[in-house]
Amino acid sequence: MTERTANSPTANPMTAEAMEEDTVAAGVGADGFEANCRQCYVHDTPQLREADILFHVNGDSMEPTYPDGCTVMVRKSSEVDTGDIGIFSVDGTLFIKECQPDGLHSINPKYPPMLSKKLGEIRIIGRVIGMMEDGDFASEAEIRDFQAQK
């Protein structure tokens, strides 16, 4: 869960955000993934305030929109609309995919859809609301300054 903290008087206000340790897409997940979260420090932005958790993407199935190695912002929800990009747990493994009526689809055309009729239990974790940029993460010096203000 996101910990909101007082903003620093610096030019880049910061907040502490939950970041899942398991990766999504080609990553390995586990049921109860929230136990694997760690706190990371990021610059406070309006879009980030809407996120509940961050996930690191592993694999190229969602390229070019969500490249291998990127970090996505997710708003937890038990529902997503057709066409939404979401985080899904399929038999305990986490995936980032596009929700379609017949199943979960990759953006990269070299990957076939994960058809609902062939999948086990699908649990919706939430909707992807954006992607973090490298500059969105706080530097070690910014983290030290931020922690000293608490």
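Biologist: How many aromatic pairs does the rule give?

Modeller: The count comes to one aromatic pair. Rings of Phe, Tyr and Trp (its six-membered ring) pair if their centres lie within 6.5 Å; planes under 30 degrees apart count as stacked, over 60 as edge-to-face and the rest as tilted. The model is predicted: local features need pLDDT of at least 70, side-chain atom pairs count only at pLDDT 80 or more, and totals for chains, interfaces and linings use all residues. Residues are numbered from 1 along each chain as its sequence is written, and side-chain values use heavy atoms, without hydrogens and water.

Biologist: Why is the pair of Y41 and F146 called edge-to-face?

Modeller: The ring centres of Y41 and F146 are 5.6 Å apart and the planes stand at 65°, so the pair is edge-to-face. Y41 lies in strand β2 and F146 in helix α2, 105 residues apart. Helices (H or I, at least four residues) and strands (E, at least two) are DSSP runs, numbered from the N terminus.

Biologist: What makes strand β5 (residues 85-90) mostly covered?

Modeller: Six of the six residues of β5 are buried. Buried means under 20% relative accessible area, exposed over 50%, partly exposed in between (1.4 Å probe, protein chains only). I85, I87 and S89 point one way, and G86, F88 and V90 the other.

Biologist: How do you know that β5 pairs with β6?

Modeller: Two strands pair if DSSP finds at least two bridges between them. Six bridges join β5 to β6, and the two run antiparallel. In β6, I96 is the bridge partner of I87.
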